[in-house]
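Please read the sequence and structure first, then the notes below.

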Amino acid sequence: MDSAGTRSVINGRKNPTKRILIKNGKVVNDDLEFFADILVEDGIISAVGPQLELPANTTNTEVINAEGKLVIPGGVDPHVHFQLPFMGTCSIDDFYSGTVAAVAGGTTTIIDFAIPTKGQSLLDAYKQWRQWADEKVVCDYSLHVAVTWWKEALKDEMKLLTEVHGVNSFKMFMAYKDVFQLDDADMIHVFDCCKNIGAIAQVHAENGDMVAENVRRLLAAGICGPEGHEQSRPEEVEAEATNRAIMIANQTNCPLYVVHVMSKSAAMSVADARRKGCVVFGEPIAAGLATDGRNYYHTCWRHAAAHVLSPPLRPDPSTPEFLMNLLANGDLQTTGTDHCTFSSEQKAMGKNDFSKIPNGVNGVEERMSLLWEKGVRTGKLDHCKFVAVTSTNAAKIFNIYPQKGRIQVGSDADLVVWDPDGSKTISTKTHHAAVDFNIFDGMHVHGVPRDVITGGRIVVRDGQLLPLQKGTGKFVPTLPYSPYVYSRIHQRDKIPKWVKVDRDSDPTSRVRHLSGGSKAEGHKPLLRGLSDYVDG
Ligand code: URQ
Ligand code: ZN
Ligand code: ZN
């Protein structure tokens, strides 16, 4: 709008192939909400402002009336596993059905994991995942890379992945013994390497050795059903590993991102570490924010097995609200889903032994509505915080902000016209994932996407998913040294960590004995205040 208060007529870009004008909506970023129109041209936001108008003769423009609705940045889900080869099978949602489900729920960027088998080159795994994803995704995606084994030469691969291939985060599994698990000595090498290349260390935090022993004991005791899963890896098994990873991160001054924080005690470990100044980020997931581990005791085997993921859902029914409270107050930062789905037939691989049930649940389509229902409608999250934890914080941590996670000129046109008063009942019958079970089945949730735009393409209109072409999404490189993460790391690097004491040149000189605490004449008190150990 110009000074005279008349409508702003935008000339926009020269002959864009596709324009979308979103009018009359309320824009919500993580720091501010305001009424404004949004002009999208060729996949990029080209104008944001009040009462935008296009020249009368403008063609190839679609106008969306967002009156009474919010317009939010497309969701960023930093934790999914589409078509993951795992536990003798492969997760049933591939990069097509998985990203279709994502956009159907308002998520327009997903971050998956290239997970090499032990001994496999990290780079080869990365190339394999790129090939799987590029031909199928319908929205943009990035990749974390897992480090499931260690040798010195992997430092070069990690450096190459970060500097050339757009990977800035490396995940270590502290569980899945003999499959993905790394021991502490190797983890320290990986953390150290992450720090030296400006990457983020991620952990799946469970004590895999304790899990293995508990599985053995439970099976020996004849407990073979899904109820054995959570009993084999109770909260303290998660919390201990969380603390261990935080310690290694702090000792190596490497930023840490704890994926799928599933319990109160692990969440408090993250919160306490952050309050002590550690650079740690915690990610609860949709499942842990909306349901709990009592489901493992359901008498229907399929129902109980459907909820098997690791770390498990906790039987304490107050856990979801506890995690939501920490998300609301900033002790936890992002929300993922760990969407890793397996059909009834696949889950039945563990019908006689719970440790053989493929681990994973759904969530990529339901995450944002569940956050609205359990977070906003309970008064814990305001609109800006909802955007922060479903989109912006993950974009900032993984260094794809403000390209993703913000509505401003120059950002990608990943936008959702959000209907705060709309509602739906989650159902396996209507969800878009390929899996035949939905762990949120029957939940009535408020807050739904009415229109979804990803990369400037309308993929949902008036609540209806449009036909989507495979491969229309693109890989988004995540660059090292995210300022949101590394600015504090660099500051911490400036603080001397160790102390060296200068002593007599002749180390065999008379050893001073402990005395009654009088200070030695002329002796400088030790930097650590241990002067009373030195005699007068
Ligand atoms: O552990 C993970 O994050 C992957 C293998 C998905 N499965 C799970 O149980 N969380
Ligand atoms: Zn995991
Ligand atoms: Zn995962």
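Glu62 counts as partly exposed, at 22% relative accessibility (buried is under 20% relative accessible area, exposed over 50%, and partly exposed in between, with a 1.4 Å probe and protein chains only). This is a predicted model, in which local features need pLDDT of at least 70 and side-chain atom pairs count only at pLDDT 80 or more, while totals for chains, interfaces and linings use all residues. Residues are numbered from 1 along each chain as its sequence is written, chains are lettered from A and ligands numbered from 1 in the order in which they are written, and side-chain values use heavy atoms, with hydrogens and water left out.

**Salt bridges**

- A salt bridge is a side-chain nitrogen of Lys or Arg within 4 Å of a carboxyl oxygen of Asp or Glu, and the count by this rule is 37.
- Glu62 forms a salt bridge with Arg461, at 2.8 Å from N to O. Glu62 lies in strand β8 and Arg461 in strand β21 (residues 457–461), so this pair ties together parts that are 399 residues apart in sequence (strands are DSSP runs of E, at least two residues, and helices are runs of H or I, at least four, numbered from the N terminus).
- Arg461 is partly exposed, with a relative accessible area of 32%.
- Glu62 also meets Lys18 in a salt bridge, at 3.8 Å from N to O. Lys18 lies in the loop between β1 (8–9) and β2 (19–23) and Glu62 in strand β8 (residues 61–65), so the pair ties together parts 44 residues apart in sequence.
- Lys380 and Glu321 form a salt bridge at 2.9 Å, N to O. Lys380 is partly exposed at 23%, and Glu321 is partly exposed at 47%.
- A network of salt bridges links Asp140, Lys404, Asp412, Asp414 and Lys474.

**Cavities**

- There are 3 cavities of 30 Å³ or more (a cavity is a set of points on a 1 Å grid over the protein atoms alone where a 1.4 Å probe fits but cannot get out, and lining residues have an atom within 4 Å of a point).
- The largest cavity holds about 130 Å³ of space. Of its 17 lining residues, His81, Phe86, Tyr176, Asp338 and Asn359 are the closest to its centre.
- The lining of the largest cavity has 8 nonpolar, 7 polar and 2 charged residues.
- The second largest cavity has a volume of about 60 Å³. Its lining residues include Arg302, Lys347 and Phe437.

Key
1 Å grid on protein atoms, 1.4 Å probe; cavity = no way out; pocket = protein on both sides within 12 Å on 5 of 7 lines; lining within 4 Å. Points joined across faces, edges and corners; volume = space filled by probe spheres on them. Nonpolar A, V, L, I, M, F, W, Y, C, P; charged D, E, K, R; others polar.
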